Amino acid sequence: MTANGSVRPSYAQIRAWLDAMPIEALDVKRREAELLFRRIGITFAVYGEGGDPERLIPFDLIPRIIAAEEWARMSRGLTQRVRALNAFLADIYGNGEILRAGKVPEELVFKNESWRPEMQGMQPAAGAWTHVAGIDIVRVDADQFYVLEDNCRTPSGVSYMLENREAMLRLFPDLVSSHRIAPVARYPEELLETLKSAAPPACRSDPTVVLLTPGPLNSAYYEHSFLADEMGVELVEGADLFVDDGLVWMRTTEGPKRVDVIYRRIDDEYLDPLSFKPDSMLGVAGLFAAYRAGAVTIANAVGTGIADDKAVYPYVPEMIRFYLGEEPLLQNVPTYLCGRPDDRAYVLDRLHELVVKEARGSGGYGMLIGPHSTAAQRDKFTALIKARPEDYVAQPTLALSTVPCFVESGIAPRHVDLRPFVLVGRDIRIIPGGLTRVAMREGSLVVNSSQGGGTKDTWVLES
Amino acid sequence: MKLRIRHETAHDYEAPSASTVQLIRLTPRSHGGQRVRYWRVGDGSWPSFEDGFGNWTQFRAVQRPHGRVRVVAEGEVETVDTQGVLRDTRETLPVGAYLRETGRTHPDDAIRALAEDVLRSANTELDRLHTLMQLVRDKVDWVVGATESTTTAAEALAHGRGVCQDHAQLFCSAARLLGMPARYVSGYFWPGEDGRDEPASHAWAEGFVPALGWVGFDAANRQCPTDRYVRVAIGLDSFAAAPVHGVHFGSGADSLAVTVRVDADQ
Amino acid sequence: MLSRTAGNLFWLSRYMERAESVARLILVGHRMAGVAHTVDLHTNEWRSTLRAAGCLPGFTEKYGACEPDQSQVFEYLVLDADNPSSIRACFETARRNARAVRTALTVEMWDAITDSWRGVQSLSRSDMEVDRLVPILEWVKSRSLAFSGAYANTMLRNEGYAFAHLGTTLERADNTARVLDVKYHLLLPDQEGVGGVLDYVQWQSVLRAVSALRAYQWVYHQRLQPWLVADLLILRPELPRSLLSCASQIVTTLDSLADRAGGRRGECHRLAGRMHAELRYSRIESIFQAGLHEFLTGFIDQLKELGAAIDQHYLAL
């Protein structure tokens with residue numbers, strides 16, 4: 001639905017289908033869907049959101065539709081943005097041209113927790129840093145796509161993109177086949193190819209790829225095992241790997257087997273107790289050294305967090321101009337860095353109309369939504385911002401567009417965002433689609449699953 | 001001066017260890033003030049890389065039960081006295097990166113007070129670093145065994161006792177508070193034939209003075225490094241510049257023996 | 001296959017099988033105790049049951065050295081979380097192992113494990129009465145059988161299957177040896193000599209415990225003779241739980257693993273081959289001459305050694 005309440009043309013068929021479908025029938029389908037998800041065991045929270053690992057996230061039956069030309073524009077914008085983010089990482093850990101040019105302040109990088117001095121001078125294979133990037137996008141009106149945030153570390157949620165489509169195919173085969181929908185099912189294959197294309201140059205034969213997980217207690221473990229299965233690669237834990245002779249090996253029943261590419265779903269500081277957190281039980285001693293010596297690819301690269309830091313985010317349009325000489329195709333939400341005195345004063349003055357976020361948080365906990373806030377909440381945030389200004393950024397609330405959703409009271413508009421997944425290896429690939437997250441509560445802007453957000457299938461129409 | 005160095009590190013495990021992995025930063029590089037004539041680490045076969053700070057780093061793994069791991073580095077370095085001023089060093093990072101705090105150099109109120117003392121009593125940047133060097137040594141008595149390898153700058157200052165590692169980290173922490181980039185250096189020091197102390201692995205700091213570049217400050221000995229010093233590795237703190245750092249898996253206690261010999265031909 | 005995955009499969013099927021073993025041991029003990037009770041004799045079935053289950057030291061530590069009380073034994077062997085071989089602990093460990101390798105299991109295996117785990121969660125002390133316990137133990141047996149049936153019928157014949165099967169057969173061999181050894185530890189009261197009624201009933205209980213009473217009749221067509229019972233349980237290839245059957249399955253499975261790994265063999269292959277050959281060319285008379293108990297203890301030690309060698313060769317992290 002557009003901001004003025006009309007329905008986009010791409011939803012015409014869905015509209016007709018909904019009109020013909022009694023609410024009771026939808027309710028039956030919804031229960032069916034729930035059973036389906038329980039049976040598969042797809043239970044997790046999106047990156048960093050914590051929560052009960054066996055909880056089911058609400059699935060909305062009504063697909064979100066993106067027209068072919070909209071997608072074409074969005075995907076050009078995504079490619080551009082992700083190219084710039086990779087160029088930024090190569091530069092920051094290389095010559096630092098953008099710092100010398102004064103386009104990004106040095107201290108923003110060097111004093112940032114997400115910057116890793118250990119990575120200085122590293123040249124990852126194929127020049128790929130963010131092998132998997134998840135870019136969170138919202139739409140404000142018919143033409144404007146805004147990027148809410150970039151996720152360059154270990155973005156999750158792609159299993160939802162795949163399982164949601166599977167569910168729709170089973171529940172509504174006719175509806176699906178009456179649309180020409182771009183398929184998403186080849187994502188695991190594309191991911192595997194991307195990872196293999198970024199194998200160390202020294203690797204001559206077909207590269208061995210593994211997926212490194214923190215283990216079954218992790219909230220995204222389902223996704224880890226799902227992706228490993230779909231790619232046909234081993235799902236390993238730290239204890240399955242070891243470093244010897246400068247190389248990385250996994251322990252198998254046939255003896256040690258060489259590993260070339262590690263798609264890791266654990267955070268930087270847990271990768272290697274020798275180089276990072278000494279008490280990490282999840283990592284592999286010597287892994288980082290083997291990585292620096294070029295014996296193995298780690299995807300995403302170590303230290304990519306500096307590119308998705310919320311305080312660095314305002315500079316992404318500048319990165320696009322600086323590295324690519326192009327104007328950004330996707331908009332940035334205007335962002336005030338509370339660490340800057342002028343910005344801080346502005347933010348403190350207008351708390352009631354701004355959204356305040358932690359610069360390094362994720363998951364929508366440490367967040368103030370000005371228009372929906374109480375005076376007490378605003379006082380709390382005023383104190384927080386004054387105490388540690390660098391830790392907070394603020395943005396205006398956007399007039400987000402909505403899509404129809406099936407909720408308790410029937411069919412009603414709800415706010416959504418979209419996380420498409422961009423793969424970076426020798427080239428950049430984007431699967432047409434992504435994870436649509438829904439703010440299930442009326443009027444809510446928070447789509448995080450930990451805050452009652454749900455998901456729905458995303459259909460990118462082929463022209 | 002020609003300095004011949006032999007550095008041996010031996011870990012002995014009471015119960016055999018199943019696995020040991022080590023990072024070894026024991027390779028000095030040539031720059032103005034020191035020229036490496038020859039150098040060898042282990043049997044020369046260990047894989048290596050240049051780390052983020054430009055340190056030549058070896059890593060080695062022993063993945064079968066073992067009771068002892070030994071690392072030997074030896075070689076000869078020719079040095080000249082530059083009054084601590086460094087030239088033509090390998091620099092991988094912009095100077096501004098050395099303003100970054102780390103866990104071990106995170107300042108507390110006492111370190112802030114120390115920095116303010118420096119600010120009050122000295123005007124130029126160079127003076128401030130010299131003053132800081134003296135103050136650090138005044139505040140932290142050199143007592144071997146008083147601190148551990150993981151002691152932070154703030155803990156050492158509170159304790160009032162420490163070793164060269166603590167002096168160097170405290171120096172870095174306070175200098176950064178003063179807006180001056182600073183870094184930790186590990187290397188060797190030849191105390192001279194009449195020296196009271198045994199030669200040993202040593203650590204000091206470097207501060208950045210725009211007019212001069214990087215300048216060494218050995219707070220433990222209250223002096224800028226001379227031709228008696230061999231500079232090996234740098235980092236933001238002692239963790240990043242540790243000569244030998246290892247992780248081992250096994251039960252039972254382990255003991256560490258480090259022997260360093262430095263001989264000089266004058 | 002990852003060593004960790006193989007290890008988890010191996011151990012989860014061992015634990016599922018062990019739960020069954022413990023259930024069978026309690027049932028033997030119960031039958032023997034019942035017989036002794038009807039003829040009003042003082043015997044020591046529960047001590048020998050605990051000993052056979054390898055749980056006597058743990059039990060003594062907890063309850064002291066006096067003659068074990070039936071309800072304590074039930075609780076220790078079925079519910080006690082401190083006893084790693086209690087039925088509850090077995091199902092819990094199996095479930096934990098299963099969770100860690102969820103994707104290596106078929107849905108049917110997962111369901112069999114999860115249902116067992118759920119079932120054992122609902123047990124309480126009040127179930128530790130004889131009348132209630134017997135059906136529970138029958139249920140435990142059926143759960144373990146459901147699991148081994150699930151993997152035998154749904155699992156791809158790959159390495160995963162081989163390790164699950166190794167776990168089952170190793171544990172099963174251990175169990176058969178232990179059940180047979182229970183009889184050794186049982187005292188026969190003075191007035192009840194070897195070959196007496198009680199002796200006879202005890203042998204019968206042993207056969208029942210391994211579901212082989214009818215098999216005995218089919219194979220030997222004669223009255224129960226101790227050496228024939230031992231012959232059946234140790235040396236007969238027809239009986240699927242006999243030591244020889246288990247050993248030959250272990251050898252076949254290890255061979256298939258070696259073939260997969262391009263012929264890579266180790267100590268475990270040698271130990272398994274030796275164990276199998278010894279059983280295959282033994283006669284029951286010579287086993288009895290050298291002492292049945294000594295033979296069984298030796299066999300259990302060999303199994304332990306074999307387990308360690310398998311761990312070393314395939315599973316060690």
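Predicted model: local features only at pLDDT ≥ 70, side-chain atom pairs only at ≥ 80, totals over all residues.
Residues are numbered from 1 along each chain as its sequence is written, and chains are lettered from A, with ligands numbered from 1, in the order in which they are written. The predictor assigns the complex an ipTM of 0.95 and a pTM of 0.88.

We can begin with how the chains meet. Contacts here are pairs of residues whose C-beta atoms, placed from the backbone, lie within 7 Å. Of the 2 pairs of chains in contact, chains A and B share the most contacts. Their interface draws on 22 residues from chain A and 23 residues from chain B. On the chain A side, at least two residues each come from helix H5 (106-110), strand E6 (241-244) and helix H10 (287-292); helices (H or I, at least four residues) and strands (E, at least two) are DSSP runs, numbered from the N terminus. This side of chain A is made up of 11 nonpolar, 5 polar and 6 charged residues. In these classes, Ala, Val, Leu, Ile, Met, Phe, Trp, Tyr, Cys and Pro count as nonpolar, Asp, Glu, Lys and Arg as charged, and the others, Gly among them, as polar.

Chain A also touches chain C, with 15 residues of chain A in contact with 15 residues of chain C. Here helix H9 (221-231), strand E5 (234-236) and strand E7 (247-252) of chain A each supply at least two residues. Chains B and C, by contrast, are joined by no contact, and their closest C-alpha atoms lie 10 Å apart.

Chain C itself has 15 helices and 0 strands. Its C-alpha trace spans about 60 × 45 × 35 Å along the principal axes.

Turning to domains, whose bounds come from an automatic or database domain assignment, chain A is divided into domain 1 (9-333 + 398-460) and domain 2 (336-396). The centres of these two domains of chain A, taken over C-alpha atoms, are separated by 27 Å. Chain B is divided into domain 1 (2-79 + 244-265) and domain 2 (95-235), with 24 Å between their centres, again taken over C-alpha atoms. Within chain B, 16 residues of domain 1 are in contact with 12 residues of domain 2. Strand E1 (2-17), E2, strand E6 (66-79) and strand E14 (254-265) of chain B each give two or more residues to the domain 1 side, and E14(B) gives the most, with 5 residues. That side of domain 1 of chain B divides into 10 nonpolar, 4 polar and 2 charged residues.

Chain B also contains an open sheet of 4 strands in the order E4-E5-E2-E13, with antiparallel pairing; strands pair if DSSP finds at least two bridges between them. Strands E4 (48-50) and E13 (244-249) of chain B stand at the edges with a single partner strand each, so one side of each is left without a neighbour in the sheet. From one strand to the next, the twist averages 20 degrees, where axes are lines fitted to C-alpha atoms, for helices over the stretch in contact, and angles run from 0 to 180 degrees between N-to-C directions. Strands E2 (residues 19-27) and E5 (residues 56-62) of chain B pair in the antiparallel sense over 6 bridges, and Gln22(B) stands opposite Arg60(B) in E5(B).

In chain A, 6 bridges join the antiparallel strands E2 (residues 132-139) and E3 (residues 145-151), which are linked as a hairpin through 5 residues. Arg139(A) has Phe145(A) in E3(A) as its bridge partner. E3(A) also runs parallel to strand E11 (residues 331-332) of chain A, joined by 2 bridges, with Tyr146(A) partnered by Gln331(A).

Two backbone details in loops of chain A complete the description. A cis peptide bond, with omega about -5 degrees, joins Ala299(A) and Asn300(A); Asn300(A) is found in the loop between strand E10 (297-299) and helix H11 (305-308) of chain A. Ala126(A), in the loop between H5 and E2 of chain A, has phi near 60 degrees, a positive value in a residue other than glycine.
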